[in-house]
Structure formats: C-alpha cells, structure tokens
Amino acid sequence: MYLTMIGLEVHTHLTSLKTKLFCSCPSDYVGKPPNSNVCPVCLGLPGAIPVFNETALKFALMVGLALGSRISDRITFVRKHYFYPDMSKNYQISQYDGPGTEAVAMGGEVKLRDKKIRIRRINIEEDPAKSIYPTGSMLTSTYTMLDYNRSGVGMLEIVTEPDMSEPREAREFIEKLRSILEHLGVCDGSIEGAIRADANVSVEGGERVEVKNIGSAKDVESAITYEISRQRAAVSQGLGVRRETRHWDSERRVTVPLRTKETDEDYRYFPDPDLPPIQVTASLIEDIKSSMPELPDQRIQRFMAQYGINEYNATVLVMDKGLADFYERVTLHYNNYPKVASLLINDYLRWLNEKDMKISQSKAGPEQVAELLRMLENGTITIKIAKEFLPRMIYEGKSPRELMEATNMTALRDMTILEDIVNQVLAENPEVVKKAKADSKVIHFLVGQVMKKTGKRAEPETVYKLIEEKIARI
Ligand SMILES: [Zn+2]
C-alpha cells in the first residue's frame, strides 16, 4: 500500500460581512448584474487606496479561537503577485507567514470522528474577480468574460497540515469546518461558491500535486479519489508524478493539468505599503472569547445530554447547523426527542436531498413535523402514511391534518374490518398460506396484500400478528 498524504487549503467567503474587504461595495454579489457591484478599489484602478474592513479581523479571530490557533499579536497584509485575467492589480492582497509578515493565526486543529487534523495557518485575503466561460469550460471556451462583482470579497484561507490519508477524511474535514463557520455565524456554506478548496495530494514515490478550486465537500472527495488512483498508476508504471497544479473538471469528473506549480518565491510576497500592520490587542481577544457562541462539539454533547439521542444522530444533526436549529424548534412542540431525530435524519433529509433542497427551502415547518409525529403517536395515521405525507408537506406546504382530511388516510383501527380483510386475503391465496406455515418470511407477502386492500391504512405490525395467529390455527 502506498502512503498517501492529503492537505487542504480551504477558501471560505466571510458571507456575513456587509461590505467587501477593502472598500464599501456590498459583499453580497450573488445574482447581481455583472460588474454592477464595483468601485475603483475592487477594480484595482491605479491610485485607489484600500481601507481594511475590521469586522473581517473579528471574524478571523473567532475562527482562530474556535480552532485553538495561536493568534498573532500583529498582523500584516502582503501582496501576492501573479498574472491572471481575474486579477486586475496583478497581485492579491493576502497574508503570509514570512520574515516581517504575520498571518492572523497559526496552528490549531479540527477534530474528526477518529482523527485530529492540524491547522497550519489562517489568512485573511480578498477574492479575485470571477471568470466566466461562455462557450464551454475553462479549458474549452473560445473566450473568457470577467465579472468583478466578486473581486475584493473577504475570505479566509485555512491551510491544513498534510494529515489526511483518505479522500473521505478530506470531505469530513470540510463538512466539520463548515459547521464550525456556520455556528460562528461568519459564513453561510450553502451559498454557491462560499466554500472552495484546493487539495494537495501526494502518494509515495511521487511529488505533490495541487488540485485547484474544487467547489464542494463531495467534489473534494471525488477529485482526491481520482487523483490518488491516477498518481498510483503513474508511480507503479515507473512514470513518476511531477509537481504540478491541476484543475478539477466537475463535469467529466477528472483532473487535468493546468500548469507546473509556482513556488512561494514566484509570488514575490512583500508587505502592502497601502495597509499598515494592525495590532491585535489582548482586550480584543478577551472580548471575542467572552462572546463566542456554542460550537459543534459542545452542541453534540449537549444534544446527547439534553435530548437523550445517540452520538451518531447528534453528530449528523449538528454537522448541518440549519438542521440542528430545525431539530431544536421541533422539540419545542413534541417531546419524544429521539423520534424527532430519527424522522429528520432518516426521512426528512432524504426528501430534501432528493430535490437538492436546503432546509430553509422546505415548506414543512417545525409545527407541522411535530403534528405529524403526534398523529403517528396517537394512532391517527400509520407510519407508512406518515412517510407518504412527508414529501407533500416539504414540497407543497400541506399540513398533515389537511392531507389526512383530503385523502381519508386515517389509520384503520377497527379490528372487525381488519379481520375481514385478512380473512379475505388468506382465502384468496391458499398456496401462499401453505408456504407461510412452513416459512414465516412468506407472511410478509400476505401483509403486503392486506396493506394494498386497506390503502396502507393498517399498521403492518398488527396485520402481521393477526395473520400469524390465523395461520397457526389453520
Ligand atoms: Zn469596491
């Protein structure tokens, strides 16, 4: 087995910032007409002077403290030079931990299920403009258009040590980081492009390859999986793996060469003379520490203690802050907490994923979900019917009571009617009944027939018991 090393550079927009990092243009650029959200500073016009948005520092410090990083007492901005069409100044204002320059935070860690991933550093930086490829992809389009609405939007770059060895861990890292950022209230990870990552992947016997600009946690896992098998094949064929930067083509699900990797020297980092260094005072750090919100790991522990749910369910809920908030709102209306957790995780989430919806887009509110669970508990509807109601609640906003009245789907609890139907099914299927006497698994077929005749209004367990008793007496 080849040793594999994976490190990530995660770029996360500080979506909670009202304005861009160095000018007063709004940072919310999504859906705006191209190049409508710009000024001389974020267009990089000569003579325009950047002014630092200090809320970005506060957000960066919150992230640093949440990850247990060492906060620098002085931070500086550097110019990172490279020539690229989306970068009108030909440099990006960023941070760097070199001689005389300091990033906002160094070190720290993110705990995954069975591993700790060390953080190398956290930088504040500006996003470049967005390149648009009208006639295809980055590699195939015959021309490129530039939209500067995104130029200058505040980001954090969070760089890990190469502590991951499996693609799955990289996905889990990003999901956990996203949950931390959402709990801190600095980034809404559900906004398209708000969290992107570069993955550094190397296998034993080859050099490090960087895969640029991957758009989602799932794609990070796929890109790394692809890259590992490509590199292993190259090494085993004696071709070697050279140091380079590759691009993840999310349509074709492959990585393709982009350029041979720049070294840090190529970027000609130097302190930005327009932006004086900033002192980070102990009192600022204390202020932020005292107002830190509850973080995912604490919330998982609280969910287990307060709601009596297991660690797995608590983790699934908390990894999606929106879902965890929704869960807590349902528990205000219905107090069988483990039931709420299992309905959300096993059913509610599935219907959301089916249509690629966020929880905020669901039309079924906490009260409706609680009502559904209450109707199930007091036997008004069966579990099968509850499962049928759920997607209509989520997509159409119908309440369970409305659905029940419209479909006449109340549970069939009149045992004489149910017995009649069971007798009818047994009479209609004499051969199956014979088989069922020898093999109890066959009973499920008969249960299915009864369910069909009742329009799924019977409780399967009750029907099963009824059939079992009757067969024993035949
Ligand atoms: Zn601007």
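How many residues lie between β12 and β13 in their hairpin, and which residue in the turn has a positive phi? I looked this up first. The hairpin of β12 and β13 has 5 residues between the strands, and Gly205 in the turn has a positive phi of about 95°. I note at the outset that the model is a predicted one.

Entry: I then examined the pairing. Strand β12 (residues 195-203) and strand β13 (residues 209-214) run antiparallel and are joined by 4 bridges. Asn200 has Glu210 in β13 as its bridge partner. On β13 I also found 4 bridges to β14, and here the two strands run parallel. Val209 stands opposite Glu244 in β14. Helix α4 (residues 217-236) forms, together with β13 and β14, a β-α-β unit that is left-handed.

**Entry: a sheet of 3 strands.** I turned to an open sheet, whose 3 strands follow the order β5-β4-β16 with antiparallel pairing. Its edge strands, β5 (91-94) and β16 (270-271), each pair on one side only. Between β4 (residues 78-81) and β16 I recorded 2 bridges, the strands running antiparallel. Val78 stands opposite Pro271 in β16.

Entry: Asn35 has a phi near 55°, a positive value. I located Asn35 in the loop between β1 (4-13) and α1 (40-43). Is Asn35 buried or exposed, or in between? It counts as partly exposed because it has 14 C-beta neighbours inside 10 Å. Arg253 also has a positive phi, near 60°. I found Arg253 in the loop between β14 (244-249) and β15 (254-259). Arg253 has 12 C-beta neighbours inside 10 Å and therefore counts as exposed, the cut-off for exposed being 12 or fewer.

**Entry: nonpolar cores.** Which residues have the most contacts inside the largest nonpolar core? That core has 67 residues, and I listed Ala60, Val63, Ile122, Ala170, Ile174, Ala199 and Val220 as those with the most contacts inside it. A second, separate core has 46 residues, including Ala386, Leu390, Val463 and Ile467. Returning to Val63, I set aside its neighbours within four places in sequence and found contacts with Ile122, Leu156, Leu181, Leu184 and Val186.

**Entry: domains.** The domain assignment gives domain 1 (4-288), domain 2 (296-407) and domain 3 (415-473). How far apart are the C-alpha centres of domain 1 and domain 3? I noted a separation of 61 Å between these centres.

Note on methods
Residues numbered from 1 in each chain as written. Predicted model: local features only at pLDDT ≥ 70, side-chain atom pairs only at ≥ 80, totals over all residues. Buried ≥ 20, exposed ≤ 12 C-beta atoms within 10 Å, placed from the backbone. Core = buried A, V, L, I, M, F, W, Y, C linked by C-beta atoms within 7 Å. Contact = placed C-beta atoms within 7 Å. Pairing = 2+ DSSP bridges. Domains from an automatic or database assignment. Right-handed = clockwise from strand over helix to strand, strands pointing away.
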